[in-house]
There are 2 protein chains.
Amino acid sequence: MAIHRSPSDPCPLAGAGGRNHLVAKLGAAADLSDEDKNAVVDICSQVREIAARHDIISEGVRPDHVHIMVEGWAARYKMVDDGSRQITAFLLPGDFCDLHVTILGDMDHGIVALTPAKVAFVPHQVMQDLPLGRPELLRALWWATLVDEAVLRSWIVNIGRRKSSERVAHLFCELQARLKLVGLVSGDHFDLPLTQEIIADAVGLTPVHVNRTLQKLRELGLIVLRGGALTILDIDGLRDFAGFDPNYLHRGRLARKH
Amino acid sequence: MAIHRSPSDPCPLAGAGGRNHLVAKLGAAADLSDEDKNAVVDICSQVREIAARHDIISEGVRPDHVHIMVEGWAARYKMVDDGSRQITAFLLPGDFCDLHVTILGDMDHGIVALTPAKVAFVPHQVMQDLPLGRPELLRALWWATLVDEAVLRSWIVNIGRRKSSERVAHLFCELQARLKLVGLVSGDHFDLPLTQEIIADAVGLTPVHVNRTLQKLRELGLIVLRGGALTILDIDGLRDFAGFDPNYLHRGRLARKH
DNA sequence: CGTTCCCTTGACACCGATCAACTCTGGTGG
DNA sequence: CCACCAGAGTTGATCGGTGTCAAGGGAACG
């Protein structure tokens, strides 16, 4: 079931037969019809490639399209006055970058590609019309938005009240759960193309301290992190250590209602 | 324009002639018709009072109504394993407590009244029907949801990358801007019914350190905090000190489009 | 007039930041 | 094939901000 895809695998354009992670995610939450799924695949037809370290969308601009991650990793971030950076979300294949900008106008933060990325560009009007006459798909899109919000809350808790090693452990637990949902976890390991500096910017620490924190997690026998891939040796132990409760991701919540 | 209302003022039931803060908020963002506004006022007709320190909604329950703050303050919070608490949002008059629960199911966090509060109870079905045939109101509700999300991101930045006194200052700037939007700021001061412990739980510090932090802000001549009310002596100075950019609140964004 | 929160203050411990140097790795070009 | 280089990871020494613990003060309230 879980399909491992390294960044170097050839990936057909979304909609041309390749696995569509957005469909996988929405389909896990709601009971989508084939017509619903095809409609989702269709809007992902126009894909652009973005080089690593390049902004997909910059702060202050008003994008004329909605962007959807098709392949690769990206991060929402905000620069602070003193020059430091805070990442507020990791964007994985199947995630929306800026569903909100249709309503809110200018971006109040930037989105940067962390790896070479493929991003689908969807015209606003197409995105607005998508859920019309498709109530279950509408619910699924709402679900995705609200889970994103729940993830933001969990980050606040993580950064505000947990110690350094717990923070990093909690982040790994979240990423494992989210990647699993879109089929990007293979057994107990998955690609984790994040430098220690990126992790630091996500959990509110410095790169040096993230390094020491990772050593601790390794010494505890919880993880192996090497070559851009993370192996979780003891998922229960890691979750326990981090105080991770997957409930906030609301997996399968919608499905259970039907 | 700005109306100061202390918690002890008599407040008529929403819809019975009193100022409706939700209408004020949504009306500031979108161009609502009188019919739109009346519809919003109508759904706030059933109000219940909650005592301070009592949960309005507890973690794990599935509320059978949508809750809207009518009067008083509340906080979203999550308890952490070690017994500490993290507040992830302050809920002010006009804010939705749990618009998401219709879709997501169980609450993944609790909401507690920080003062004696009045909360409107709206049946799910009534809430779902509200925006039907009222496109501008639908946009306004989306706007409110997305601004809440933007506030969550700004909290992550605040807690993750700012020093203690900047964090508290930034929180004060946010509350000032949000309260002003619903007409609860009078000149340069407003009610701030928060103990130092509550502030600490919101910005990821300890009560003792919040105390020292407040002293610093006072010494800098930026604020006066006394008797449950905050006076901002130098709003530009405070915003500068905190690195506060009100842009993320997207005030009047929708209105400007029309 | 006592009780109960809440605020305040001081001494001290410790976690994580900072600064600086060194290592390791992978990629590039001679 | 090797030399070089840039980026990332690692380590050590030290600093400083925030947490912790404990005691005292003050205001609201019954």
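A polar side-chain atom of Gln196(B) sits 2.7 Å from a phosphate oxygen of DNA strand C. This is a predicted model, in which local features need pLDDT of at least 70 and side-chain atom pairs count only at pLDDT 80 or more, while totals for chains, interfaces and linings use all residues. Residues are numbered from 1 along each chain as its sequence is written, chains are lettered from A and ligands numbered from 1 in the order in which they are written, and side-chain values use heavy atoms, with hydrogens and water left out.

Which parts of DNA strand C are within 4 Å of the protein, sugar and phosphate or bases? Sugar or phosphate makes up 67% of those atoms, and bases make up the rest.

Now look for the helices. H8 of chain A and H8 of chain B each supply at least two residues of the surface near DNA strand C, and H8(B) has the largest share, 5 residues. (Helices, H or I with at least four residues, and strands, E with at least two, are DSSP runs numbered from the N terminus.) By class, this surface has 3 nonpolar, 8 polar and 5 charged residues. Here Ala, Val, Leu, Ile, Met, Phe, Trp, Tyr, Cys and Pro count as nonpolar, Asp, Glu, Lys and Arg as charged, and the others, Gly among them, as polar.

Turn next to DNA strand D. Here a side-chain N or O atom of Asn211(A) is 2.9 Å from a phosphate oxygen, and one of Arg218(A) is 3.4 Å from a phosphate oxygen. H8(A) gives the most to the surface near DNA strand D, with 5 residues.

How are the two protein chains related? Chain B is superposed on chain A by a rotation of 180 degrees with 0.0 Å of shift along its axis (RMSD 0.0 Å), using least squares on the C-alpha atoms of residues with pLDDT of at least 70 in both. That is the relation of a two-fold axis. In chain B, the C-alpha nearest this axis belongs to Ile156(B), 2.7 Å away.

Finally, explore where the chains meet. In all, 46 residues of chain B are in contact (heavy atoms within 4.5 Å) with 46 residues of chain A. The copies meet through the same surface, because 100% of the interface residues of chain B are also interface residues in chain A. Between them the chains bury about 4300 Å², 63% of it on carbon and sulfur atoms; buried area is the accessible area (1.4 Å probe) that two parts lose on being put together, summed over both. The rule finds 4 salt bridges across this interface, a salt bridge being a side-chain nitrogen of Lys or Arg within 4 Å of a carboxyl oxygen of Asp or Glu. Arg161(A) and Asp201(B) meet in a salt bridge at 2.8 Å, N to O. On the side of chain B that touches chain A, H5(B) gives the most, with 16 residues.

Methods: Polar contact = N/O pair within 3.5 Å; in protein donor to acceptor, adjacent residues only side chain to side chain. Near = heavy atom within 4 Å.
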